[in-house]
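Subject: Structure handover

Hello,

Here is the structure I said I would pass on. My notes on it follow below.

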Amino acid sequence: MTIATTSELGETIRNRRTSLGLRQQDLALAANVGVRFIVDIENGKETSQIGLVLRLLQALGIRLTAEMSPVPAVRSASEESETFDPDNFTP
């Protein structure tokens, strides 16, 4: 499963919590966070603290892993001869 947004993360957390039969209050106690935090993260709040998010995932038995995309090929020095101009940048 790929999670790319805070809304998708919140949905994943909510789905796991409900599948385990936990109320938000139960999860808050298990993860040692406030109920308001559970409400915010399940609603996709973007400013949630990562340490608390990790604690919440651990309490739910969700393991967070990172997958690395292939690194773009490095350009040779001759291809990079021009100085970078952010005003004329085109990807």
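This is a predicted model: local features need pLDDT of at least 70, side-chain atom pairs count only at pLDDT 80 or more; totals for chains, interfaces and linings use all residues.

Helices here are DSSP runs of H or I with at least four residues, and they are numbered from the N terminus.

Overall layout

The protein chain contains four helices and zero strands. Read from the N terminus on, its elements run α-α-α-α. The chain has 91 residues, and buried residues make up 24% of them.

Is Gly44 buried or exposed? Gly44 has a relative accessible area of 9%, and buried means under 20%, so Gly44 is buried. Glu8 is 36 residues from Gly44 along the chain, yet their C-alpha atoms are separated by 7.3 Å. Glu11 is 33 residues from Gly44 in sequence, and the C-alpha to C-alpha distance is 7.8 Å. Glu11 itself sits in helix H1, which covers residues 6-19. Its relative accessibility is 43%, so Glu11 counts as partly exposed.

Salt bridges

How many salt bridges does the count come to? The count comes to five.

Arg17 pairs with Glu42, and their closest N and O atoms are 2.6 Å apart. This pair links distant parts of the chain, with Arg17 in helix H1 and Glu42 in helix H3 (residues 35-42), 25 residues apart. Both partners, Arg17 and Glu42, are buried. The pair also belongs to a network of salt bridges that links Arg14, Arg17 and Glu42.

Arg36 forms a salt bridge with Asp40, where the closest N and O atoms are 3.0 Å apart. How far apart in helix H3 are Arg36 and Asp40? They are four residues apart, which means that about one helical turn separates them. The two partners fall into separate accessibility classes. Arg36 has a relative accessible area of 56%, so Arg36 is exposed. Asp40 has a relative accessibility of 16%, so Asp40 counts as buried.

Asp40 has another partner, Lys45, in a salt bridge whose closest N and O atoms are 3.5 Å apart. Lys45 counts as partly exposed because its relative accessibility is 39%.

Asn32 lies in the loop between helix H2 (24-31) and H3. The phi angle of Asn32 is near 60 degrees, which is a positive value in a residue other than glycine. Asn32 is exposed because its relative accessible area is 61%.

The largest pocket

What is the volume of the largest pocket? The volume is about 520 Å³. The lining of this pocket consists of 19 residues, and those nearest its centre are Met1, Ile3, Leu9, Leu64 and Thr65. Two helices, H1 and H4 (50-60), each supply at least two residues of the lining. By type, the lining residues divide into ten nonpolar, five polar and four charged.

A nonpolar surface patch

Which residues form the nonpolar patch on the surface? The patch is formed by Ile50, Leu54 and Leu64, which together have about 310 Å² of accessible area. Leu54 is found in helix H4. Its relative accessibility is 41%, so Leu54 counts as partly exposed.

Where to look

If you open the model, these places give a short tour:

- The network of salt bridges linking Arg14, Arg17 and Glu42.
- Asp40, which has salt bridges with Arg36 and with Lys45.
- Asn32, with its positive phi near 60 degrees.

Regards

Methods:
Residues are numbered from 1 along each chain as its sequence is written. Side-chain values use heavy atoms; hydrogens and water are left out. Buried means under 20% relative accessible area, exposed over 50%, partly exposed in between (1.4 Å probe, protein chains only). On a 1 Å grid over the protein atoms alone, a cavity is a set of points where a 1.4 Å probe fits but cannot get out, and a pocket is an open set with protein on both sides within 12 Å along at least five of seven lines; lining residues have an atom within 4 Å of a point. Grid points are joined across faces, edges and corners, and a volume is the space filled by probe spheres set on the points. Ala, Val, Leu, Ile, Met, Phe, Trp, Tyr, Cys and Pro count as nonpolar, Asp, Glu, Lys and Arg as charged, and the others, Gly among them, as polar. Patches are made of residues with over 30% relative accessible area and no salt bridge: like charges are joined within 9 Å, nonpolar side chains (Val, Leu, Ile, Met, Phe, Trp, Tyr) within 5 Å. Accessible areas come from the Shrake-Rupley method with a 1.4 Å probe; for residues, only the protein chains shown count as cover. A salt bridge is a side-chain nitrogen of Lys or Arg within 4 Å of a carboxyl oxygen of Asp or Glu.
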